[in-house]
Amino acid sequence: MLTKRIIPCLDIKDGRTVKGVNFVNIRDAGDPVELASAYARQGADELVFLDISATNEKRKTLAALVKDIARHINIPFTVGGGISSVDDVGPLLEAGADKVSINSSAVRRPELLDELANAFGTQCIVLAIDARKINNQWVVHTHGGKTSTDKKLFSWAKEGQERGAGEILFTSMDHDGTKSGFAIDPLEKLHNFLSIPVIASGGAGVMEHFTQAFVLGKADAALAASIFHFGEIAIPDLKKYLLNQGIITR
Amino acid sequence: MNISVIRYNAGNIQSVSFALERLGVNFTITDDPETIRKSDKVLFPGVGEASSTMKYLRERKLDQLIRELKQPVFGICLGMQLLCRHSEENNTECLGIFDEEVKRFQAGPQFKVPHMGWNQLALSNGWLDPALDNQNVYFVHSYYVPVNPHTSAITEYIVPFSAALKKDNFYAVQFHPEKSAEAGERVLKSFLNL
């Protein structure tokens, strides 16, 4: 049986992890490789690295970092942040990344998804969608949630799937950072609406929230950042808890 | 021991190389026929699309080379599918070591395609370390090899399918040992220790 995946997300700025301040048993929580290795040892199923560097100049070091990560960890990982062309993606996959995540640049130019799927296959293209509920509609936002667009979550997710995304990473901006649980209703709707896997993101606060995302939201995977980084939930404990809830993980 | 990793346009050569490095194994990434022929073991990795990959292999006559290898050969993911006779992925004639048709998963309400994530192995015949039985390994694929007389591990997703194969000197897995944590290392060792 295919297991549900637990995915810690690491924000990278200028080659260093940010937010990772209270992780146990780690020498340098700012070192992406060391933090990633620690998560792999704990039983994380995948990792996501999001490069939030301010400039393209600083992003150029990303491929070198990806190579360093791939050398040291033995689980799959996704790299995202500022990717806007086939030329951006090739070096990251060659360096050992398994998938790339695309967000604002796909909203700006949806054909990018077709181009990437043709060049590299749908299995390595994750369409990240940040959305917020406005007047009863889930409105897609870009640029870290700063800019609203005319796209709506469900139709954009479907279009993304048709263009060649292999997976949807849905972040509810209304839930992100609240620790009040994932956005269950849109997750379930995405599940029913799509034939590709969906990763739930935004709102994880306690272990029960993961059960809700998997059972009620039907998510294939759940992503979180701070609760893992700050040691509020340890992945082995979370997996034990989920097993007791009848949810199979690795 | 002298190990060759076949150099071609596969997407996971870097990851497979790193996994071998982590095991402390010496290897050469090469498309030189003599080097490949002379090596003790050959790894045939693979991530990508079947028809363009077969075209690439044919243009470089690597298809014939692989068929003629006598030492243990290990196909990974697309590498395993290409060792079969034919793939539904863009109607592609493959290498024909395993006389099997590679089929596409049919998505359904409960089943997403690609099959992506960690799933369990049920070992059925013996080249994989017995400790791997019921262990989770990492899969990413939309096409599968049906269960057949050469199946050495079965995984279930939509249908039971071949997670691993063996015939003569050809060994193959559908999942990614290079990304399957400790279980994946055991799989690589199972092949390297043959």
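Predicted model: local features only at pLDDT ≥ 70, side-chain atom pairs only at ≥ 80, totals over all residues.
Reader: How many helices and strands does chain A have?

Author: Helices (H or I, at least four residues) and strands (E, at least two) are DSSP runs, numbered from the N terminus. Counted this way, chain A has eleven helices and eleven strands. Its radius of gyration is 17 Å, close to the 18 Å that the globule rule gives for 250 residues, so chain A is as compact as a globular protein of that length. The radius is taken over C-alpha atoms, and the rule is 2.2 Å times the number of residues to the power 0.38. Along the principal axes, the C-alpha trace of chain A spans about 45 × 40 × 35 Å.

Reader: And what does the secondary structure of chain B come to?

Author: Chain B has six helices and 14 strands. The radius of gyration of chain B is 15 Å, close to the 16 Å from the globule rule for 194 residues, so chain B too is as compact as a globular protein of its length. The C-alpha atoms of chain B fill a box of roughly 50 × 35 × 30 Å along the principal axes.

Reader: What share of the residues in chain A is buried?

Author: A residue is buried if 20 or more other C-beta atoms lie within 10 Å of its own, exposed if 12 or fewer, and partly exposed in between, with C-beta atoms placed from the backbone. Buried residues make up 52% of the 250 residues in chain A and 54% of the 194 residues in chain B.

Reader: Is A:Arg108 buried or exposed?

Author: A:Arg108, in helix α5 (residues 104–108) of chain A, counts as exposed because it has 12 C-beta neighbours inside 10 Å. A:Thr178, in the loop between β9 and α8 of chain A, has 13 such neighbours and therefore counts as partly exposed.

Reader: Which residues of helix α3 of chain A are buried?

Author: In α3(A), residues 62–72, they are A:Leu62, A:Leu65, A:Val66, A:Ile69 and A:Ala70. They cover an arc of only 135 degrees around the axis, which puts them on the same side of α3(A). The arc is that of the directions from the helix axis to the C-beta atoms.

Reader: How do I read two packed helices?

Author: Two packed helices are described by the angle between their axes and the distance between the axes. Axes are lines fitted to C-alpha atoms, for helices over the stretch in contact, and angles run from 0 to 180 degrees between N-to-C directions. Helix α1 (residues 32–42) of chain A packs with α3(A) at about 30 degrees, their axes 9 Å apart. The crossing of α1(A) and α3(A) is right-handed; that is, the near helix is turned clockwise from the far one by less than a right angle, and left-handed if anticlockwise.

Reader: Which residues of α1(A) and α3(A) meet?

Author: Two residues are in contact if their C-beta atoms, placed from the backbone, lie within 7 Å. A:Pro32, A:Val33, A:Ala36 and A:Ser37 in α1(A) meet A:Leu65, A:Asp68, A:Ile69 and A:His72 in α3(A). By class, this contact has five nonpolar, two polar and one charged residues. Ala, Val, Leu, Ile, Met, Phe, Trp, Tyr, Cys and Pro count as nonpolar, Asp, Glu, Lys and Arg as charged, and the others, Gly among them, as polar.

Reader: Finally, how many residues does the contact take from chain B and from chain A?

Author: The contact takes 27 residues from chain B and 26 residues from chain A. On chain B, α1 (13–22), β8 (115–120), β10 (136–141), β12 (151–157) and α6 (181–192) each supply at least two residues of the side that touches chain A. β8(B) gives the most to that side, with six residues. The residues on that side of chain B divide into eleven nonpolar, ten polar and six charged.

Technical notes:
Residues numbered from 1 in each chain as written. Chains lettered and ligands numbered in written order.
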